[in-house]
Every structure is written in C-alpha cells, then in structure tokens.
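My entries follow in the order I made them.

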Amino acid sequence: MNDVTTVISISLLLATVRKAVPLIFASTGGFFSERSGVINIGLEGMMLFGAFSGAIVAFFTHNAWLGVLGAAFIGGLIGSLHAFVTIGLRANQIISGVAINLLGTGATIFLCQVFIHGERSFSLGQGDRLPSLGPFIPLTYIAFILAIGAAIFSYYTVGGLRLRAVGEHPRAADTQGIKVNRIRFMGVVASGICAGLGGAYLPMFSGSFAKNMTAGQGFIALAALIFGKWNPIGALGASLLFGFADALQETLQGRAHLPAQALQVVPYVVTMVALAGVIGRSIPPGAIGKHYEREQPEI
Amino acid sequence: MMPTQKLLERLLAPALALAFAMVIATVIVALLGEDPFHIASVMLSGSLGSLRSLANTLEEATPLILTGLCVAIGMQSGLFNIGGEGQLVVGAFIAAWLGVKVPVSNAGLHVALCLVAAGIGGAIWAGIAGILRAKLGAHEVINTIMLNYVAFISTNYLVNLPYFKKPGQIPQTFDVAPSAEIPRLTFVYNYTRLNAGLFVAIGAALLIWIVLSKTSFGFEIRCVGHNPVASRVGAISVVRSMILAMSIGGFLAGVAGAERVLGVHKHFVSPFPFGYGFGGIAVALLARNNPFGVVVTAIFFGALASGGAQVDMVTSIPRELVTVIQAIIILFIACEYLFSRYRPRMRVLKDE
C-alpha cells in the first residue's frame, strides 16, 4: 500500500489533466459529429492534421496562437471534407473516416518533409509555444470550458436540441422544419475544429512535432465518447479517467509489479465492455450512420 | 445484361478512382517542381523495371492479398472488419513464438504449424468482434479498432517478458528456427525477401472465391450481407455466418502476420511494421470485395509501395505520396456508391 500513497500526488493529478486535454477536445468533437448522426472515426486523422498545422504555423510565424488558429482552421477544413463526402455525396461514413486517417498519416509526414527539407519531425522554439498560465498551458482551460459549454449547448439550448434531434430521428426533425443536413454539416465541421485543437495541444505541450505523434489518441477519444455514453460530461469524465490511467502508467514505470501495459489497455477494454452492455450499456444515437433524404429513394 | 457490359460497369468506378488519384498525384508532384513524367518513370522502374523491383512489388503485395481478403470476406457478410492490423499482429507474434520455441525438425511441418496457429490466433481475435456484433449488436468497427490496440499493447507486454525477449534494447524475439522459415524465391532475385507465402496468399484467394461463389456456406454469407432479415426468414443462421465471416478474415490476417515473420523479418518486434491491415481495406474496396480483384489490386498497391520507395530514394518526393494516393482512392471509392447502380453492401448500424 505504501506504493500507492507515494504515487498518488499532486504531480500525478497534474499529469492526469495534461494527458486528458487532447482527449477532451477530440471526444467533444466526436460528440458534435456523432450526436448529429455522422460517425466520425476520422478523429485520429483530424487530430494529426491539427498537430501538424498548429506546429508548422507556429514554427514559421513564431506566434503560438496563430498556430492554434491554424490547427482549428485545418481541422475544420478536414471536418468539412468528411461532411461533404458523407452528407453531400452520401458516402459511407466509416470508409470516409478510414480515408481521413490514412490521409492524416500520409499528408502530414509528406508536408513535413516538404516544408522542413526532408525531416519527419521538428522542434518549436520557446517563443513558438504557448506560455504557461498557472500549472497548465491555456489550451487546457479551453478544453474544460469547451466540454462544459458543449453540454450546456446540447441540453439547454434550441440549437443543441436540434443537433440531437437530427441524430436521433431526422425525419421527425425535418417535419419540424429543421434543416437536417445543414445541422449535420455544422456538427461535423465543429467536430473537425475540436479535434484540430486537441491535436494542436500535443506540439504546444511537448514542443515538437513528430511523425504520427497522436499515436492512437483519436481512437482513445472515440472510446471516451462511447464510454461516456455519447454525452459531453460523460466524455469529459472518461477522458480524465483514461488520462489518469496513462499518467499512472508513466509514474509507475519501473516502480511497481503492475506492468505498464495493464494500464495502457484500460481505455480499449472498458469501451468494449461498455459497448457490449455488460455494465451500464452505451447506446448510440438512433440515426447514427444513416443518410437522410427527404423522399424515399426508388429502389 | 451482357456479362462483359456488366464487368465493364463494375470496373468503371475503380478505374475512375485510380484516374482521379493519379491526377491529384500529378498536380502535387508538379507543384513541388518535379517532372511528373520523370517521377512516373522512376515509379515504374522501381516497381516493375527489373526482376529485383518485381520481386519487391510481389513481396509487398503478399500480405496485402491476405489482409485484402480479410476485409473482403467480412464485407461480403455485411461487416466492416477494420481490425486486420491487430489480427495480423496477433498472428505474427504466435508465429514467432512457435517458430522460436517449438522444436520441430521437419521444415514443412514447422512452417505449417506456425501458419495454422497464427491463423487461429487471428481468427479468435476477429471472432471476438464477430460474436459481440452478432450476439449483442455491438458495432464491429469500434470493437475491431479497440482490439487493434489491445493486440499492440499485449504483444508489446509479451515480447518484453524474459521468456521471449532477445537481450538488448529492442523489444524483439529471437530469430525463428531455420525449419520455421518460409523459403524465399531466390530464383527470381538473389537477395529478395519475396517468399513462398505469395503462393499461400494466391491459394487463399482461390479458396475464398470457391467458398463464396460455389458453396452454400458462401451463399449464406452473401445473403446475410445483402439482407440479414430476409436471410433469417430464409432459415440462414445470421449469427453463425457473421461470426464465421469475421473469423475466416481474421485467420487470413493472422497468416499474413506469420508470412511477415517467417518469410521476411524472421522475428517479432514491437511495434510491428504497420500498415498492411489498413492497406487491406484499400485493397478490398478497390477490388469491390472480389477475391481475384483483391490479388490484382494488392499487386498494384505493392507496386506503388516499391515504386514509392524508389521515388523517395532518387527524387525529392517523399514516399508518403503513396499513402496520400491510397487515401484519395479510398475517399473516391467511398463516394463511388453514389454513382453505382448497386446499393452498398454494407449496413452500418442499421437496425434489423
């Protein structure tokens, strides 16, 4: 038991929050998309685009906030690609997500080598990074405000009700005069912006961009969204839990008999359990993955 | 409709996707100030220009055939198995384990044992997602993604155990026994890593084609993919078909992992070389889930990979251009259903 008490400390709690920030951004992003009825397994790719564009803009302009804006913009752009393909062209949402993830790994390293002369990683100078505000960089506070804001938006405003309505029962929403596909489009773009910000956090915090630096965090964010039952506060809690598992795993390395991998595997296993409905089943939005068209197609 | 006309119609969308991706690649290359024709000729010579390039192309194509089939058979049953990556890693680890630890002196027997065990490992891994989907309705896409990471992390744990780990900084196993090595096809090119796994992959494609189009079991899988409700009414076990389609796919991905270990790398290393599982998705989509189409497109993607490596070496264009091309092809194929007269086979979270 001594191990446990020495390990749980202020620094572990701070590390938990730092690990959770990118997950909070991306899972909130996933919330906007999936609650509107569009599956987004492209969060990983969108984060990677955000990480790269945030870092490269900050690198060249020496202005970290411009980097953050650039990441949000490029994230939104990739989000609108997903929206255009899946809503406008009625493409399969999963296939589009797979393509965006592949595009993320390919295009970011490709562009990195083009901009930084053959390098697959680069470092940011101290002036190119966000300054600390208290124990964290400002993006940390923004992540919490965003998640809580998303919760207030979706459960206490008309816009949020519409977002959930088009994801749950688009035909009913349509008969109420809600523009289903327009709201979905906005939801997916918002999702890209959030994921882009989550990606930007990584180089802003670590001070460098590296090949595939998201390392699956987009998928952990998706897991957090599902484990949090497709609800921003639930996703926030799940992100903190997964962040804690990650921070604990790093703290314990070499100090305990528990292998690091046992904690690394937690987000994935608990998500599968939640989805299978063994403990407190997660139920996806009613119309997720389904295209919406006003008239029945003639088949 | 005439069969040839039908065939042409089926080839139209993949051809358009390829043409579109090539146009974009050409524009990118031109924007970077390189001559697209020069790049294309380097690409061609790097993939087909010599016996060495040809061997590289086929070597890259071998696992893609297997993972492509893995995705294709899942899709035939209406399920999207994007866990080929994890199933491959599980198979690769098991192959290395048995290849190093089991003392079998008969070469053929040892290889066969490793291949089958790796396949079973992959089949169980995919079967978990299949069972969760068929019995509980849990989305196979999410579960296969999660299982990918569970596979990466748990093999990373195992390979670091003293029982498996070769002493040193890198988490890798010892090399497999010579009796467990898949013979390389050195008659094509002396130093090639191309191995007899290629014939296993092509044989698998033939087998999957026979199963899907000539047996009642394959018919049932395709029925479930087209319309699970009607299949159930028609006394087809939807649960059984879904689980088996996933498991067969997982078996093939596991064999792909074994081929990488026994024929190419000789050991398991964590993280295991990445991308064949996801490459299989592109292959299956472009091949429209047809087993012979999978062989052809896998060779095409193998050529892109080996040509891309050559382009990376001799020009200023990074090899990741190939990944970008793949992504564009997938994106285009995703939209292709829009132009298609046929309804998509996949049913995503559609309640039955």
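Where in chain B is R288(B) found? I located R288(B) in the loop between α11 and α12 (291–314) of chain B. The model is a predicted one, and I kept that in mind throughout.

**Entry: positive phi**

I looked up the phi of R288(B) and got a value near 55 degrees, positive in a residue other than glycine. Then I checked its accessibility. R288(B) has a relative accessible area of 17%, so it is buried, the limit being under 20%.

A215(A) sits in the loop between β2 (208–210) and α10 (217–227) of chain A. Is A215(A) buried or exposed? Its relative accessibility is 57%, over the 50% limit, so A215(A) counts as exposed.

**Entry: cis peptide**

I looked for a cis peptide bond and found one joining S270(B) and P271(B), with omega about -5 degrees. I placed P271(B) in the loop between α10 (238–265) and α11 (276–286) of chain B.

**Entry: helix α3 of chain A**

I compared length with expectation for α3(A), residues 43–61. At 1.5 Å a residue, its 19 residues should span 27 Å. The end C-alpha atoms of α3(A) are 26 Å apart, which agrees. I also looked up burial: 15 of the 19 residues of α3(A) are buried, so the helix is largely enclosed by the rest of the structure. H62(A) follows α3(A), and its phi is positive, near 55 degrees.

**Entry: a helix pair in chain B**

I turned to α7(B), residues 197–214, and α12(B). How far apart are the axes of α7(B) and α12(B), and at what angle do they pack? The axes lie 8 Å apart, and the angle is about 155 degrees. That is over 145 degrees, so I noted α7(B) and α12(B) as roughly antiparallel. On the α7(B) side, the contact is made by A205(B), L206(B), I208(B), W209(B) and L212(B). On the α12(B) side, it is made by P291(B), F292(B) and V295(B). I sorted the residues of this contact by type: eight nonpolar, no polar and no charged.

**Entry: cysteines**

How many disulfides are there over all chains? I counted zero, with sulfur atoms within 2.5 Å as the rule. C194(A) has 5% relative accessibility, so it counts as buried. C335(B), at 8%, counts as buried too.

Terms used:
Residues are numbered from 1 along each chain as its sequence is written. Chains are lettered from A and ligands numbered from 1 in the order in which they are written. This is a predicted model: local features need pLDDT of at least 70, side-chain atom pairs count only at pLDDT 80 or more; totals for chains, interfaces and linings use all residues. Side-chain values use heavy atoms; hydrogens and water are left out. Buried means under 20% relative accessible area, exposed over 50%, partly exposed in between (1.4 Å probe, protein chains only). Helices (H or I, at least four residues) and strands (E, at least two) are DSSP runs, numbered from the N terminus. Axes are lines fitted to C-alpha atoms, for helices over the stretch in contact, and angles run from 0 to 180 degrees between N-to-C directions. Angles under 35 degrees count as roughly parallel, over 145 as roughly antiparallel, 65 to 115 as roughly perpendicular and the rest as oblique. Contact means heavy atoms within 4.5 Å. Ala, Val, Leu, Ile, Met, Phe, Trp, Tyr, Cys and Pro count as nonpolar, Asp, Glu, Lys and Arg as charged, and the others, Gly among them, as polar. The expected span of a helix is 1.5 Å times one less than its number of residues.
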